[in-house]
Amino acid sequence: MARLSQLLYPQREPAPTRPAATVLLLRDTAQGLEVLMTRRSMTASFAPGAYVFPGGGIDAADAQAHGQSTRRPGQSELHLTQAIAAIRESFEELGVLLARHADGRYASTADIAALDRQAPFAAQCGQRGLTLAGDQVFVLAHWVTDRDLPRRFDVPFLVARMPEGQSPVADETEQFEPVWVRPAEALARHHAGGFFMIFPTLRTLERLQHYPDVDAVLQACAQETPLWTSCPRAGLLAGKEARYMEHEAPYGELALTSPDGQIVHALDWQTAQPVALLRNLMRLTAPNPGVMTGPGTNSYLVGEPATGYIAIDPGPADADHLDRLYRAAGGDIRLIVCTHSHPDHSPGAKPLQAMCPHRPAILGLPSAPTARAHSAFAPDRSLQHQELLTLTAKGPEGDITHTLKALHTPGHAANHVCLVLLEDGILFSGDHILNGSTTVVDPPDGNMNAYLDSLDVLSSACDQHQIEFIAPAHGYVLGHAKAAIAQLKAHRLKREAKIVGVMQAQPDGTLDDWVAQAYDDVDARIWPVAKRSLMAHIERVRELGLAGPL
């Protein structure tokens, strides 16, 4: 984790969470799956006026009512308590009762009318011979309210089929205007400005809209674990609040820059000025956006005024970009490091060096003979594997140290190097790991075996150096570094398995035939680029004999 002394903003403890439960009541119609939603009171302390699913806080009585509920064999104590809370809340707020008579009949409108929504819930059901249908309530998702909000909940989003013969009737105190709506319709109405919903509701409906019917949803939830778990984070985009889940590109950067969840970090891509990520880390994105470079090539400055700076990947030889990089460092650049020799990474090194009065050394690895002509690069000195580059100074509170450890990581390019900022657990991954896409492995300078082996090296480094974040050459900072590396490797091997299947099915196919089949989930405009990685996979497959006789 980054040192507290390097964080840009004072930290504060997020508000504690309260246990709660929410239930999505579902039904099938000729038009498709519908979910029951209701509008919260305009005076509610949380999400006033928003359309939501019924739910609320978990009471102590909910945990004491297990004996009055049915239960699935794999349903945990906690999940049963949550299910009972959701059943109670849907009754109190909307008059919907997930409870059965001894003969299996769901509660009728007469049963519901005989119950008092304000009186103890489970006891009333027991008096009428009703058993709560906890076994019919399944876990869909697990949400924890965003860290920046003053009221926070730890809440499962549960799902259940709406009992036949019942109709929702809002309590007109907490909830109003119950409505059945298809998920896609609710989303369209929200985006049109007439159906306000909060972030977790939106994201849940986005996933729910892809299920054809209630059975499909319940089958997906049968494994007794949430389909996803999320505590969103927010940043600023075009000056407005924007929220993201863990799998979305900006999430890791928000976790690095504002661990406590305050909305302080701007996510807009721009090239005019550096973006501060930590006190000792700035990113300046080069003005070279494109299909291969995303928003542009990220140049990084590690250090601070007292220690001077190490520039990582100065980028293309763009005079304005290099001038901004020089000025961001106050002219005090002690070393220039290139992760590899590709033309969007290394050409700026020599002109940046020439701008600096003390001509800092350019470090990296020279181009291999396999490199293409436009990737020629010769550093002043070659970096050794596991070499340490250190910036030091005396500060008012003691010594200041920023240490980069070099790791040789061939694969994307034969001379590729990654760097670890040891004190803050940050991996500078160059093009080996990107945010938003997978890197191209282009033979002969690129090699898939070497690429996968280098991922293992980086995974081990995560353990050794407690690396939590990855600062790539393209895209936002990634969080959960080791998990991100594991997912990337799994993705590569899954793609390779698909390639093997295509090769076996079409042994006489051309590269164009194979790329169309193996990358049929990728935009066809990307196939010429994907063909390069396809060749790297084929080279590895044939070398290891993974495809069998062709």
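Tutor: Start with contact: it means heavy atoms within 4.5 Å. Keep in mind that this model is predicted.

Student: Which residues does Leu25 touch, not counting residues up to four places away in sequence?

Tutor: Leu25 touches Glu34, Val35, Leu36, Pro54, Ser90, Val96, Leu98, Ala160, Met162 and Trp180. Leu25 also belongs to the largest nonpolar core, which has 33 residues. There, Leu25 and Leu97 touch the most other members.

Student: What makes a set of residues a nonpolar core?

Tutor: The members must be buried residues of listed types, such as Leu, joined through side-chain atoms within 4.5 Å. Strand E1, helix H2, helix H4 and strand E8 each supply at least two residues of this core. The largest share, eight residues, comes from H2. A second, separate core has 31 residues, including Leu26 and Met245.

Student: Why would such side chains gather?

Tutor: In soluble globular proteins, nonpolar side chains tend to be buried together.

Student: Now charges. Why is the pair Asp146 and Arg243 called a salt bridge?

Tutor: The cut-off is 4 Å from a side-chain nitrogen of Lys or Arg to a carboxyl oxygen of Asp or Glu. The side chains of Asp146 and Arg243 meet at 2.6 Å, N to O, so the pair passes. Asp146 lies in the loop between strands E7 and E8, and Arg243 in strand E12, so the pair ties together parts that are 97 residues apart in sequence.

Student: How do you know whether Asp146 and Arg243 are buried or exposed?

Tutor: Buried means under 20% relative accessible area. Asp146 has 4%, so Asp146 counts as buried. Arg243 has 14%, so Arg243 is buried too.

Student: What about Asp442 and Arg532?

Tutor: Their side chains meet in a salt bridge at 4.0 Å, N to O. The rule says within 4 Å, so this pair counts. Asp442 sits in the loop between strand E23 and helix H11, Arg532 in helix H14, 90 residues apart. At 13%, Asp442 counts as buried. Arg532 has 33%, so Arg532 counts as partly exposed. By this rule the model has 34 salt bridges.

Student: Why does Asp171 have no salt bridge?

Tutor: The nearest side chain of opposite charge, Arg117, is 5.4 Å away. Still, Asp171 is buried. Its side chain reaches the backbone nitrogen of Thr173 at 2.9 Å, and that of Gln175 at 2.9 Å. The cut-off for a polar contact is 3.5 Å, so both distances fall within it.

Student: How close is the span of H11 to the expected value?

Tutor: H11 has 18 residues and reaches 25 Å from its first C-alpha to its last.

Student: What caps the N-terminal end of H11?

Tutor: Asn447 does: a side-chain oxygen lies 3.1 Å from the backbone nitrogen of Asn449. Just after H11, Gln466 takes a positive phi of about 50 degrees.

How values were computed
Residues are numbered from 1 along each chain as its sequence is written. This is a predicted model: local features need pLDDT of at least 70, side-chain atom pairs count only at pLDDT 80 or more; totals for chains, interfaces and linings use all residues. Side-chain values use heavy atoms; hydrogens and water are left out. Buried means under 20% relative accessible area, exposed over 50%, partly exposed in between (1.4 Å probe, protein chains only). Lys and Arg count as positive and Asp and Glu as negative; His and the chain ends are not counted. A polar contact is a pair of N or O atoms within 3.5 Å; within protein, one must be able to donate a hydrogen and the other to accept it, and residues adjacent in sequence count only if both atoms are side-chain atoms. Helices (H or I, at least four residues) and strands (E, at least two) are DSSP runs, numbered from the N terminus. The expected span of a helix is 1.5 Å times one less than its number of residues.
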